[in-house]
Every structure is written in C-alpha cells, then in structure tokens.
Amino acid sequence: MVTDRQVRRYRKKRAAGCSQEAAAAAAGMSANTARKWEDLPLPSVVGTPRDWRTRVDPLAEIWETVVVPMLEREGGHKLQATTILEELKVRAPDRFQ
C-alpha cells in the first residue's frame, strides 16, 4: 500500500525534473504505481476505511474471561504481549502455539 509520504516524495521529485522511473524509485514504489498516483489525490483522501473484519478474532472467546482479568490484576503495571501469550499457551496449549 502506498502512503501519503511516498506520494508526496514522488511528486516533489517529479517537480524537480526527475523522470517517472527515477522519482518512483526515490519514493519506494514501482513506476506503474507512480503513474497511478500522478494525478490522484493523496491515498488518505482516496481510501475509505474498512468497517468489517477480515478474519475471526482468535481472542474473542477468552478476552473478557481471561485477558481482561490478567490486566486488571496487574493494576498500574503493564503486561507485555509475550507475557499474556505465554499464559494463554499454558491454559490452552492446543489452541495457542
């Protein structure tokens, strides 16, 4: 996916007189992608945010019953994601590998 920063850099290089290929390379995109963004608005303006899930949440069933209580037990201390994952592996080794 192309970012606003890449498109801005591409356009700046083009305005400085670079060829499409050179400007695209400097911006970290292919020449074909650069051609697409030559006249379009920035990607953040063009794209529409997605409001659906692309896969099932693997923690949905245990979030409220296992993870949230772990976080609350720690109070103000922060748990690392790896610590939570290790605890999940102990509780359900077949599900979390």
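Let's start with a pair of side chains: R91 and E87 meet in a salt bridge, at 2.8 Å from N to O. By salt bridge I mean a side-chain nitrogen of Lys or Arg within 4 Å of a carboxyl oxygen of Asp or Glu. This is a predicted model, where local features need pLDDT of at least 70 and side-chain atom pairs count only at pLDDT 80 or more, while totals for chains, interfaces and linings use all residues. Residues are numbered from 1 along each chain as its sequence is written, and side-chain values use heavy atoms, with hydrogens and water left out.

Back to our pair. R91 and E87 both sit in helix α6, four residues apart, about one turn of the helix. Helices here are DSSP runs of H or I, at least four residues, numbered from the N terminus. R91 is partly exposed, at 49% relative accessibility. E87 is partly exposed too, at 28%. The cut-offs: buried is under 20% relative accessible area, exposed is over 50%, and partly exposed lies in between, using a 1.4 Å probe and protein chains only.

How many salt bridges does a search of the whole structure find? Five. Side chains of opposite charge can pair when their charged atoms come close.

Next one. R14 and E38 meet in a salt bridge at 3.6 Å, N to O. That pair links distant parts of the chain: R14 is in helix α1, E38 is in the loop between α3 (31–36) and α4, and they are 24 residues apart.

Another: E21 and R35, at 3.4 Å, N to O. E21 is in helix α2 and R35 in helix α3, 14 residues apart.

Now, helix packing. Helix α1 (residues 4–15) and helix α2 (residues 20–27) pack at an angle of about 145°, with axes 8 Å apart. Axes are lines fitted to C-alpha atoms over the stretch in contact, and angles run from 0 to 180 degrees between N-to-C directions. Which residues meet? Q6, R9, Y10, K13 and R14 in α1 meet Q20, A23, A24, A26 and A27 in α2. Contact means heavy atoms within 4.5 Å.

On to helix α5, residues 63–73. V66, V67, V68 and M70 are buried there. The buried residues of α5 pack against α6 (81–91). After α5 comes G75, with a positive phi near 65°.

Last stop, V45. Is V45 buried or exposed? Exposed, with a relative accessible area of 59%. V45 is found in helix α4, residues 43–46.

Methods. Helix = DSSP H or I, 4+ residues; strand = E, 2+ residues; numbered from the N terminus.
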